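Please look over the structure below with this briefing at hand.

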Amino acid sequence: MNRIMPYLRLLMRRDSILVIVITAMIGITVIYPLSIMVLGTFKSTPPGVPSALTLNNYVTMFSSDWFWIELGHTIWISVGGTILGVFLGVSMAWIVTRTDTPWVGKLEIPLIVPFFLSPFIGALAWTGLASADYGLINGWFQALFGVRPFEIFGPWGIIWVMGLYYSPYAFLIVSGTLRNMDPTLEEAALSAGANKLQTMLRVTLPLMAPGILASAILIFVAAAEQFGIPSVLALNQRWYVLTTRIFYFLRGYPQDYSMGATVAMVMLVFTGGMVFMRNRVMRHREFVTVGGKSFRPHVIPLGKWRYFALSYLLAYIMLSVILPFGTFIAISFFKFWSIHPKMKYLTLDNWRYILFEYPTTWVAVKNSLLLSIGGAAIAVLISAVIAWVVVRSKAFGKDALDTIATLPVAVPGLILGVAYLWAWIRSPIPIYGTIWILMIAYVSRFIPYSLRSIESTLRQIDKSLEESANISGASWLRTFWSVSLPLLKPGLVAGFILLFVTFIRELSCSILLYSSGSEVFSVTMFDLWRDGMFPKLAVIGTLQLFITVAVLMLFSWLFKIRITEVVK
Amino acid sequence: MRDVRIEKLVKRFGNVTAVAGVDITIPEGKIVTLLGPSGCGKTTTLRCLAGFESADEGKIWIGDQLVFDSKQKINLAPQKRDMGMVFQSYAVWPHMSVFENIAFPLRIRKTSRRKVDELVARAMRMVGIEELKDRLPSEISGGQQQRVAFARAIVYDPAVLLLDEPLSNLDAKLRERMRFEILELQRKIGITTVYVTHDQEEAMVLSDEVLVMDCGKVIQRGDPEEIYFDPHNEFVADFIGKINFLRGAVLNCQDCGSIVSIREEGFQSEIHTTRTDYAEGKKVLASVRPENIIIYPDKPQEEVNTWPARLVRKNFLGGLFDMVVEVKGKELRCRTPFKVEAKIGSDVYIQIQPKDVLLIDIN
């Protein structure tokens, strides 16, 4: 008994209780549904109907042709999207941080705008630009050269759109590495006799390597689990990837929950493996390269190439933001969209219909706002508590908590959707079919993102700042309110904005979990897309875009934070 | 002749002139220190010498080779200047082992593998880190990283060694030890060395010649003792060591010495000095180092430069007493290794020997 007592006392402490409560919460919202789903892969009946356990699903899947073909498709688009995204991101990061290209200071914010935009809308918008049937750019080529060279539908279009909208991940990570790199590391190579090229290849590039690798894995996982882009650009063409196949099993005819779960299981193992690999790689290769004296990094004069570099950056902004989103907004004002949009088809009918007649619009606006603002607030609050326990307390099991709370990173949104269906579609808890199942899914899936931003802020706040408040007589609550919270504010606001932007455009989780009355923006667009009502969905998309921008501006004004700080 | 010569060097950053016409000659095999407070232009001068900054005006020679000339538009790249440099942040590459860090300059020079092994081993032995060969920088201490940086800078036997505040990130004890090690090493390999620091003790210990810099200019040069015992102006006197200034004017100047009338508020007196060659009426600072003020509990027999005073502060620093005395409202700092019995607030006498009174011109 005496041996156990100290442990019991440790367990009974306030922070230990927090650990237990939070762990249980994550257990119920993530681990339990995933387990039910895994169990489902061994069943031949839908959720809630008992059946004997069998390996038949796996046998069927692995002996089928479609599985291997679509696995190949997934790898194809992920590798392609990663190569393009990393190439764009790294090259732009290098141009912005290390060359004398004009205007780079002013271009930095435009360059990360795609980070905040929905890749799903990006894909939709790009059909308006580069579809062989009705793409504007094809129209220009038709008029000039008599050919329509582009076709956005299909794998190359998917790779193109993914590359465009995932390159900011690489840009942000690599430009951070480049900017924080101690310039004397490069100077030391120069003074040791290396020329600029040797310095670049043997010092700069190896120091960038962890950042490049990390962003490559990040983009690869994001591309593999992406549902919106391949569904817009390839679903009607019956060109499947694993995510669209899962969707097909769960929402197509005939429905097959077990096979859906089995394919989901493959994706889960795959993304889990990638995330695990990334953590392994990063742990051993993260270099602290921040030095003492800060001289500006060496800027490489590009000469005439400066203007080439500038046009490259401008072209990226043009292709990822201005052209597609300009077109997208324009489409909402046309009766028909074609390669030569005609003035006589200009109309406000789409807007009138969506704003005043389409019954789902205001349901979606209300739900999306509730989920994105409310959900982000709840997630930030929970993350703050977890971060505090992990960083500051000596609670029993806090490291395990950190690991468990970060776990959902490895769970693709669509797979979490599958798991929730399995767990709660026939559950006595009447949560399926309500907006709350979306709320729970969003929050538990994306807590790792806000957690990371808050944790890193908290780690930077020296403990002595809090201790000196304590010693001067402040209670822990007062200390938290007057010292910790204000210092944490940047992390909290960054976490909030990150989640807000993610939630308001969320598709892959919602697409499986919504039902009548709990529609959100992206599923409304998805439905209109499948019904072939492009101009009308463009109105919804434009609404989503404007609401996002308005809330972001409100928040950056309210909390006096620059949007660029969010993504650091 | 491998002297390093810097001529009329000027470097501006926007409106700020960081280096305002500096001339420096570093004789071959000597160690010269650029000493000054932060922002005095010492690091910029060093970086111009290394080739990391290109100066706006001036010339730089290494031996017979002109490596920089603003007029002829000559600006040799850093990697072609044959210099070794140790940075304040060490700049040890985190992705290479200790061995690879040190071998890097040799690999760039396409040295044969056998020779690389031999030279790196020698350099590591010299700085005493043979056992760290295969470690990564993240696995060794700051002091050890510093040794790696040092070995890397000398392994290819460059013509000049540049040291940019190499010790300022180390703790006090280690810093003191490293001073002697650096000096010993420099003497052993006889490399021409430029050392930048803001730490005057470091400069005193290490240098053949000290150049005191302020506001982008070299304001005094000389060996450490000269700089300490014969500062040419208020800034140098104040920056090197501690000193008391007494504002006044030369009253009377003869071959055997002069008398200065002190005109401090409240404290008006005359002070004798052995200095000569001053015009009568010239405004000067009579300057006295704290260790040259002698404190007596009772009135001493000698009356020259003797004043009654009050002990205001007394701190025992271990090894010496650091005190402040007040003479008619003027506070003077004094130091002595001998035990001082007087209590704070008690009356004492102070005395200064005429030979210890320096005169500094007031500009």
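Angles under 35 degrees count as roughly parallel, over 145 as roughly antiparallel, 65 to 115 as roughly perpendicular and the rest as oblique. This is a predicted model, in which local features need pLDDT of at least 70 and side-chain atom pairs count only at pLDDT 80 or more, while totals for chains, interfaces and linings use all residues. Residues are numbered from 1 along each chain as its sequence is written, chains are lettered from A and ligands numbered from 1 in the order in which they are written, and side-chain values use heavy atoms, leaving out hydrogens and water.

- Helix α18 (residues 413–424) and helix α19 (residues 435–460) of chain A pack at about 135 degrees, with axes 11 Å apart; axes are lines fitted to C-alpha atoms, for helices over the stretch in contact, and angles run from 0 to 180 degrees between N-to-C directions.
- Helices (H or I, at least four residues) are DSSP runs, numbered from the N terminus.
- α18(A) and α19(A) are therefore oblique to each other.
- The contact (heavy atoms within 4.5 Å) involves A:G413, A:L416, A:Y420 and A:W424 of α18(A), and A:I437, A:I440, A:A441, A:S444 and A:R445 of α19(A).

**Helices α8 and α10**

- Helix α8 (residues 155–180) and helix α10 (residues 196–224) of chain A pack at about 150 degrees, and their axes are 9 Å apart.
- That angle makes α8(A) roughly antiparallel to α10(A).
- Among the contact residues are A:M162 and A:Y166 of α8(A) and A:T204 and A:L207 of α10(A).

**The second largest pocket**

- The second largest pocket holds about 880 Å³ of space.
- On a 1 Å grid over the protein atoms alone, a pocket is an open set of points where a 1.4 Å probe fits, with protein on both sides within 12 Å along at least five of seven lines; lining residues have an atom within 4 Å of a point.
- Grid points are joined across faces, edges and corners, and a volume is the space filled by probe spheres set on the points.
- Its lining has 29 residues, and A:A384, A:W388, A:W476, A:F480 and A:S484 lie nearest the centre.
- α21(A) gives the largest share of this lining, 10 residues.

**Backbone details**

- The peptide bond from A:Y253 to A:P254 is cis, with omega near -5 degrees.
- A:P254 sits in the loop between α12 (242–251) and α13 (257–285) of chain A.
- A:W103 is not a glycine, yet has a positive phi of about 70 degrees.
- A:W103 lies in the loop between α4 (65–98) and α5 (104–116) of chain A.

Key
Helix = DSSP H or I, 4+ residues; strand = E, 2+ residues; numbered from the N terminus.
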